[in-house]
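Reader: I have a new model open and would like to learn how to read its features. Could you walk me through it?

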Amino acid sequence: MASHLRLHVLLPVAILGILGLGVGAFATTRSTPVTSNAGAVAARIAAKQKAKTQKPAKPVKKPSTPSTPLQSALRKHSVVVVLFYAPGDDYDTIQTRETRAGALGANVGFLALNVTKNTQVAALAAQYDVREAPATLIFKRGPRVAYRVAGYMDRRAVAQAAADARS
């Protein structure tokens with residue numbers, strides 16, 4: 001019984017001792033990089049420095065300013081009908097459909113901008129003094145405001161204003 005107890009105590013201690021010796025041997029005998037040859041080390045450093053200086057310099061690009069949705073639309077169309085709206089109202093949904101139909105009828109570009117979603121759109125609304133939604137602005141290239149209506153505008157009125165802006 002005493003030998004059985006000794007086995008339960010000595011076996012884990014022996015295993016831990018062997019593991020400790022193994023870790024100690026590994027830690028002390030790890031190979032270290034050879035640094036005694038100072039000439040070789042200096043040559044490697046010089047080669048790295050030479051490689052860095054021989055790389056061609058990359059041209060510095062100017063940060064491009066992102067184009068606004070209006071600028072993109074005006075590249076495609078000479079006249080663009082822009083509807084500034086705030087979602088969540090049936091009135092805005094009807095106005096969006098009417099404005100889109102009027103722009104398609106006049107064969108001009110159409111852009112519906114949610115003023116609550118995008119800071120760039122909000123900045124555009126501030127730039128053109130849009131103070132309420134819905135608001136319809138018809139732009140010509142430049143961009144220049146050719147027509148402005150705050151509130152409701154039906155498809156016939158949108159198509160007529162867009163046609164007038166084209167001429």
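**Reading the loops and the surface**

Author: Happy to! At 43% relative accessibility, aspartate 129 counts as partly exposed; buried means under 20% relative accessible area, exposed over 50%, and partly exposed in between (1.4 Å probe, protein chains only). This is a predicted model, in which local features need pLDDT of at least 70, side-chain atom pairs count only at pLDDT 80 or more, and totals for chains, interfaces and linings use all residues. Residues are numbered from 1 along each chain as its sequence is written, and side-chain values use heavy atoms, leaving out hydrogens and water.

Reader: Where does aspartate 129 lie?

Author: Helices (H or I, at least four residues) and strands (E, at least two) are DSSP runs, numbered from the N terminus. Aspartate 129 lies in the loop between H5 and S3, and has a positive phi of about 55° although it is not a glycine.

Reader: What phi does asparagine 107 have?

Author: Asparagine 107, also not a glycine, has a positive phi of about 60°. This residue sits in the loop between helix H4 (90–105) and strand S2 (109–114) and is exposed, at 58% relative accessibility.

Reader: Which residues does a cis peptide bond with omega of about 0° join?

Author: Alanine 133 and proline 134. Proline 134 is in the loop between helix H5 (119–127) and strand S3 (135–140). The bond from glycine 142 to proline 143 is cis too, with omega near -15°, and proline 143 lies in the loop between S3 and strand S4 (144–150).

Reader: Is leucine 16 buried or exposed?

Author: Exposed: leucine 16 has a relative accessible area of 60%, and its place is in helix H1 (residues 2–29).
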